[in-house]
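Please look over the sequence and the model before reading on.

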Amino acid sequence: MYFPSVAGRIRVNVPDHGTLIKSVTERLRSGNGFAVATINLDHLVKLKEDRGFADAYLAQDLVVVDGNPLVWMSHIAKQPVDLMPGSDLVVPLARLAADLEMPIGLIGSTEDALGKAEQALRDTIPALKVAYKNAPPMGFDPESPAAEALIQDAEKSGARLCFLALGAPKQELLAARGRSIAPSLGFVSIGAGLDFLAGSQTRAPVWMRKMALEWVWRLIQNPRRLGPRYAQCLAILPTLTTDAFKQRNTPS
């Protein structure tokens, strides 16, 4: 399934959890780096206007769907995909890394949150090795010399899989840059995933997530910031629905 951007179509090329685990396993074992992005409505709004963000998305190796509206679109297009929010990928991918005896890196959020997230992961996955942690300062520029140094330090640490919790578009931009600077590293953009693990942010209750109401929870938490954002997301739904119908006869 494809979604539009200012730089061309963004292809969702990982339809389900099994395919993601298989792809990441193969790349980790072979020493080939990768970047995983989790596309959602907010990203699609940005991708229509931000060329740099769109170019970074086109550089991602594996793209999954984060957001029930896009899952619904995939069914309209008769190319169904699983819902795979970045926050839900942290533990299974960290467990995979531990099984393969490959250290991970945690990048983003705050030093306090990284420490708590590391402890939460270790409690769940005792064999996990965390080789690198970095909480960039406010105003961090993923295209700066400091970002290049961060990527190089992560590679030198021995980490093989790095979770990026910088928010969009910074995390996707850093992942795209990392693919050229450290081609042996894997990058997974996870948004607030580490903050949820650390307990510094509270995720919507499971029952709300199952009913596709996580967006309501977020809106209640921060209506001033998220209200305008969700309005923009709603505005693109008619066009996305039309595009989904057009893709019914298009090979996935």
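## A charge over a ring

In this predicted model, Arg9 lies over the face of Tyr2, at 5.5 Å from the ring centre.

## The sheet

Six strands make up an open sheet, and their order across it is β4-β3-β8-β7-β5-β6, with parallel pairing. The edges are formed by β4 and by β6, which spans residues 130–134, and each of these strands pairs on one side only. From one strand to the next, the twist averages 15°.

Helix α5 lies across β3, β4, β5, β7 and β8 (186–189), and the helix runs at about 160° to β7.

In soluble globular proteins, nonpolar side chains tend to be buried together. The largest nonpolar core of this model holds 34 residues, and those with the most contacts inside it are Leu20, Ile104, Phe163 and Val188. At least two residues of this core come from each of α1 (17–30), β3 (34–39), β4 (62–65), α5 (86–99), β5 (104–108), α6 (111–124), β7 (161–165) and α9 (193–198). Of these elements, α5 gives the most, with seven residues.

Which residues does Val188 touch, if those up to four places away in sequence are not counted? They are Phe34, Val36, Leu89, Leu93, Leu161, Cys162, Phe163 and Leu164. Apart from this core lies another one, of 24 residues, and among its members are Phe3, Ile39, Phe53 and Ile236.

## Aromatic pairs

The count of aromatic pairs comes to two. In one of them, the rings of Phe53 and Tyr57 have their centres 5.3 Å apart and their planes at 75°, so this pair is edge-to-face. Phe53 and Tyr57 are separated by about one helical turn, because they are four residues apart in helix α3 (residues 51–58). Both Phe53 and Tyr57 are buried.

The rings of Trp215 and Tyr230 have centres 6.1 Å apart and planes at 80°, so this pair, too, is edge-to-face. It links distant parts of the chain, with Trp215 in helix α11 (residues 214–221) and Tyr230 in helix α12 (residues 223–235), 15 residues apart.

## Backbone features in the loops

Most residues other than glycine have a negative phi, and most peptide bonds are trans.

Ala168 and Pro169 are joined by a cis peptide bond, with omega about 5°, and Pro169 is placed in the loop between β7 and α8 (170–181). Glu101, which is not a glycine, has a positive phi, near 60°, and is found in the loop between α5 and β5. With a relative accessibility of 70%, Glu101 counts as exposed. Ala212 likewise has a positive phi, of about 60°, although it is not a glycine, and its place is in the loop between α10 (206–210) and α11. Ala212 counts as buried, because its relative accessibility is 17% and the limit for a buried residue is under 20%.

Key. Residues are numbered from 1 along each chain as its sequence is written. Side-chain values use heavy atoms; hydrogens and water are left out. A nonpolar core is a set of buried Ala, Val, Leu, Ile, Met, Phe, Trp, Tyr and Cys residues joined through side-chain atoms within 4.5 Å. Buried means under 20% relative accessible area, exposed over 50%, partly exposed in between (1.4 Å probe, protein chains only). Contact means heavy atoms within 4.5 Å. Two strands pair if DSSP finds at least two bridges between them. Axes are lines fitted to C-alpha atoms, for helices over the stretch in contact, and angles run from 0 to 180 degrees between N-to-C directions. Rings of Phe, Tyr and Trp (its six-membered ring) pair if their centres lie within 6.5 Å; planes under 30 degrees apart count as stacked, over 60 as edge-to-face and the rest as tilted. A charge sits over a ring if NZ of Lys or CZ of Arg is within 6 Å of the ring centre and within 35 degrees of the ring normal.
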